[in-house]
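Let's walk through a protein model together, one feature at a time. Here it is.

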Amino acid sequence: MIKNNLITGLLLISLALFNICFGQTENFEIIEGEEVKKGRKDYIPAIKRGDNKVFILKSQLSYFGSGDYTLEVYNEAMNLQSSNEVVLPGRDMSITRLEHLEGQLYVFVEEFDKNSKTNTIYIGILSEEGTISGELVEISQFELESRRKVNDFQTTLSADSTMFLITVTPPELDKEQEVKRQFITIDLDLQEVENFEIEFDYLEDNFYISQTHLDVEGNIHMLSYTSIEESKRGLFFKEVDREAKLLTLYDGSNNVEEYDFPFQDSEASYISQIKLKTDKQGNIRCAGFYSDAKGNSTKGIFSFTIDSKTKEISEISSKPFEESYLNEFLTDRQLKKKKKKEKKKKDNPYERLHNFKIRDLVMRDDGGFYLIAEYYLYRVTTTTDANGNTRTTNHYYYNDLMVISVQKDNEIEWNKKVSKYQHTTNDGGYYSGIVFGLNKDNSLNIIFNDNVDNLELVTHDNRTNMRYKHLRTVLVNFDLSGEAKKTLLMNNKKSNAILVPHLSLTSKENDIILYSQVKKATKLINILLN
């Protein structure tokens with residue numbers, strides 16, 4: 001009897017310690033892997049989720065870029081199963097992308113040949129043992145003037161995950177150079193499907209494509225940004241204001257179409273950001289921010305649907321943010337400045353939000369979606385001391401979140417704020433940012449590192465800088481009505497694990513893989529969302 005009571009007591013203590021380390025597990029289950037030693041110069045180009053495995057591609061940082069590659073394979077328990085050196089056939093080859101589809105690892109490889117001055121991209125299938133199955137298949141090759149003036153390759157996966165789209169951007173050699181892009185599609189059998197070149201009515205110096213999307217009908221949608229000429233303030237001024245545009249190249253056509261959006265709000269003068277995704281019904285869902293001023297500012301949200309078969313835009317919706325919502329993102333000092341400017345009737349920058357980046361559109365089963373935007377700012381400061389020594393500091397800000405629910409008919413249902421302050425220097429924002437995923441009931445989960453003082457506060461005004469010993473990993477859950485609840489997910493003080501958001505991923509429904517740092521080791525944690 002005493003022995004049974006002792007065992008029961010030990011089990012209860014273990015459960016209590018687990019809950020202290022990882023929070024309550026009402027809406028999620030946690031599978032924690034074992035620690036794996038981390039090399040001082042380890043660099044991770046890719047992490048991918050397989051059917052019942054996780055693949056991590058590792059490299060070694062050096063002055064000449066990445067070095068040799070290693071492929072680590074983790075099992076369902078998130079424990080290291082194997083680690084093998086990746087053998088590439090060429091000495092000057094580097095891996096640019098890794099994807100796991102239909103039970104196979106697809107690898108994209110780039111090779112620069114300084115003797116022939118050519119740059120070549122390949123695709124191949126990588127085994128779990130780190131070897132290329134068969135031979136690499138050449139996608140394209142280009143002659144170059146120098147290694148610094150190379151073609152840029154952007155690889156994306158089609159909406160139905162059956163093809164790769166490679167967008168090739170030539171090097172900019174002249175400020176009057178007209179925009180030209182090459183589009184190549186490759187199927188999962190490594191066969192080329194299409195290969196063509198398109199010219200645009202823009203100059204290369206004023207144009208870039210931020211996202212390409214190959215839909216289920218073979219149409220290529222491009223989210224692009226063009227420079228606003230009036231914002232160019234001199235020869236050496238590099239930060240120009242840009243306007244977002246949606247361009248589409250329909251299958252079988254050689255002409256790029258630009259969409260015009262008849263917004264309901266008269267203040268929608270400029271599109272500052274736009275994002276698109278294919279929903280579960282095969283339609284293209286687009287949403288973004290608009291403003292009444294040039295540049296990266298936000299005053300309202302818009303949303304619409306594109307029928308990929310008929311090419312028609314439907315269910316256009318736009319809505320300005322209420323002043324009370326905009327004010328939630330301003331500090332007390334900014335609110336005072338806003339009131340002063342209102343009295344003077346001058347242009348008021350505090351009437352709109354700045355520096356918010358749309359991270360994703362998270363599709364729901366009911367036909368609606370969540371739009372998640374994060375405040376992001378990178379700036380550089382330079383100081384000089386009395387002895388003339390100069391110090392340059394890189395600042396990374398990953399701050400408050402905007403969470404917006406959009407219904408099936410594109411009507412904006414609700415918009416909420418999540419307070420977050422992540423300011424770090426000279427680290428690339430390694431522990432900053434977010435990870436997100438859906439529960440089976442379509443409620444939204446957002447995971448990030450927060451200060452220990454904010455564990456139960458969804459909104460707050462705490463502006464304490466990030467410090468490792470004060471960090472805790474939290475989960476904020478939004479139900480369908482917009483009600484939010486914050487839960488401690490990982491207690492750094494107890495478990496020694498701290499989330500690395502940009503290396504974590506959501507690639508399966510209701511399943512998140514968290515990559516965490518444990519001093520001089522790493523650990524994978526699988527969050528199963530119920």
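Q: How many helices and strands are there in the protein chain?
A: Helices (H or I, at least four residues) and strands (E, at least two) are DSSP runs, numbered from the N terminus. Here the protein chain has 4 helices and 37 strands. Keep in mind that this is a predicted model, where local features need pLDDT of at least 70, side-chain atom pairs count only at pLDDT 80 or more, and totals for chains, interfaces and linings use all residues. Residues are numbered from 1 along each chain as its sequence is written, and side-chain values use heavy atoms, with hydrogens and water left out.

Q: How many salt bridges does the structure hold?
A: We call it a salt bridge when a side-chain nitrogen of Lys or Arg is within 4 Å of a carboxyl oxygen of Asp or Glu. This structure has 22 of them. Take Asp511 and Arg49, whose side chains meet at 3.1 Å, N to O. Asp511 sits in strand 36 (residues 511–518) and Arg49 in strand 3 (residues 42–49), so this pair ties together parts 462 residues apart in sequence.

Q: Is Asp511 buried or exposed?
A: Buried means under 20% relative accessible area, exposed over 50%, and partly exposed in between (1.4 Å probe, protein chains only). Asp511 has 5%, so Asp511 is buried. Arg49, at 10%, is buried too.

Q: What about Glu374 and Lys420, whose side chains meet in a salt bridge: buried or exposed?
A: Their N to O distance is 2.6 Å. Glu374 is buried at 2% relative accessibility, and Lys420 is buried with a relative accessible area of 1%.
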